[in-house]
Amino acid sequence: MTEHLVDPDVPRDLHAFIAGLPKAELHVHHVGSASPRIVSELAARHPDSKVPTDPEALVDFFTFTDFAHFIDVYLSVVDLIRTPEDVRLLTYEVARDMARQQVRYAELTITPFSSTRRGIDEGAFMDAIEDARKAAEAEFGTVLRWCFDIPGEAGLESAEETVRLATDDRVRPEGLVSFGLGGPEIGVGRPQFKPYFDQAIAAGLHSVPHAGETTGPQTVWDALTDLRAERIGHGTSSARDPRLLAHLAERRIPLEVCPTSNIATRAVRSLDEHPIKEFTRAGVLVTINSDDPPMFGTDLNNEYAVAARLLGLDERGLADLAKNAVEASFLDAPGKTRIRDEIDAYTAKWLAA
Ligand SMILES: O=C(O)c1cccc(C(=O)CC[C@H]2O[C@@H](n3cnc4c(=O)[nH]cnc43)[C@H](O)[C@@H]2O)c1
Ligand SMILES: [Zn+2]
């Protein structure tokens, strides 16, 4: 258990239950998952960067005034990833951190455009993530899959490049399962990305754009209608539109909820004002995620503890939440059954003890 993340309003034995609970994570960014140790190591390797090498100074550096500031800082960490070996190390270490939290399966959002435009060879980039994926599965038992996202603010050139990397059989990595859209939403309308999502979906990828994180419910509708979203990244502002909530619930379109992220980027004022309860009340399938955990001073276990407090969950409720993520994942049926069975066995043993 990470001491600084122990929520005093959540009983310690519930924290311990969460720490051992087998989990799946569906919304977590590659560069945004770099631990302070990895960030410091990379910053020391590249002294021209403005990223601090001292982990304590990183806490200040990772304090954001608004969403735009967050993206600015995010890109300064992206600038530290300069070689295929940096990519491999980052991916492998992210998987190690996940395994420590009993994450059995994760769909990691990667922005290949940000790396290829900074000069990393596309083939070497794909080999690096695939190498790390295979090593993580063999050594930690954590299964990784990729979501390639368009950094929308970088324009349609980035969409063109991302969809090429995601659909060209000569470069597309084996672990790729989905196609996303990230970055700021203000001034970056979803409908303009329709042709790229059409192409990705035609190539067999699932559609998982961010929407409704920093803009209103219309962005979520656009993601559903134009981008044929199968899950929504964040979807926070859906709570302002009862018709949208009913639609998400009826169609079983999951929300990838990231509570601490929404506070850190100031998309939501406080955890107590987070709409997660409105989502569950409306019958929406809620999954719990960490987004960019070290940047937001959190981890997936802490997000489950936050959810337990906000939703008033006990062990069974937390196990159901973990099973929501399995259900909403793009794992095959035997893979889903295996993790669900593991969650049930763990919970039964815990409650019998
Ligand atoms: O790489 C570039 O050169 C570049 C140029 C202009 C704009 C961008 C971006 O906007 C990159 C955004 C970046 O942020 C990632 N991310 C991480 N967490 C979140 C989140 O909570 N909401 C939205 N985006 C997020 C995203 O994956 C992009 O890689 C880049
Ligand atoms: Zn995100």
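**The ligand and its shell**

Me: Which residues come nearest to ligand 1?
Reply: In this predicted model, 21 residues lie around ligand 1, where a residue is near a molecule or strand if its C-beta atom, placed from the backbone, lies within 6 Å of it. Residues are numbered from 1 along each chain as its sequence is written, while chains are lettered from A and ligands numbered from 1 in the order in which they are written. Local features need pLDDT of at least 70 and side-chain atom pairs count only at pLDDT 80 or more, whereas totals for chains, interfaces and linings use all residues. Those that come nearest to ligand 1 are Thr111, Ser114, Pro151, Gly182 and Gly183.

Me: Which element gives the largest share of the shell around ligand 1?
Reply: Helices (H or I, at least four residues) and strands (E, at least two) are DSSP runs, numbered from the N terminus. Helix H4 (67–78) and strand S3 (143–151) each supply at least two residues of this shell. The largest share, four residues, comes from H4.

Me: What average pLDDT does the protein chain have?
Reply: The pLDDT is the predictor's confidence in each residue, from 0 to 100, and where it is low, the predicted coordinates should not be read in detail. For the complex, the predictor gives an ipTM of 0.99 and a pTM of 0.97. In the protein chain, 99% of the residues score at least 70, and the average pLDDT is 96.

**Helices and the core**

Me: Why do the buried residues of H9 line one face of the helix?
Reply: A residue is buried if 20 or more other C-beta atoms lie within 10 Å of its own, exposed if 12 or fewer, and partly exposed in between, with C-beta atoms placed from the backbone. In helix H9 (residues 194–202), the buried residues are Tyr196, Phe197 and Ala200. The arc is that of the directions from the helix axis to the C-beta atoms, and the buried residues of H9 line one face because they fall within an arc of 95°.

Me: What do the buried residues of H9 pack against?
Reply: Two residues are in contact if their C-beta atoms, placed from the backbone, lie within 7 Å. The buried residues of H9 pack against S3, helix H8 (156–167), strand S4 (176–182) and strand S5 (206–207).

Me: Which residues touch the most other members of the largest nonpolar core?
Reply: A nonpolar core is a set of buried Ala, Val, Leu, Ile, Met, Phe, Trp, Tyr and Cys residues joined through C-beta atoms within 7 Å. The largest one has 98 residues, and its largest share, seven residues, comes from helix H15 (residues 315–328). Leaving aside neighbours within four places in sequence, Tyr304 is in contact with Ile18, Ile288, Leu318 and Leu321. The residues that touch the most other members are Tyr304 and Leu318.

**Single residues**

Me: Is Arg252 buried or exposed?
Reply: Arg252 lies in the loop between H11 and strand S8 (255–257). Most residues other than glycine have a negative phi, but Arg252, although not a glycine, has a positive phi of about 55°. Because Arg252 has 12 C-beta neighbours inside 10 Å, it counts as exposed.

Me: Is His234 buried or exposed?
Reply: His234 is found in strand S7 (residues 232–234), and its phi is near 75°, a positive value in a residue other than glycine. Because His234 has 27 C-beta neighbours inside 10 Å, it counts as buried.
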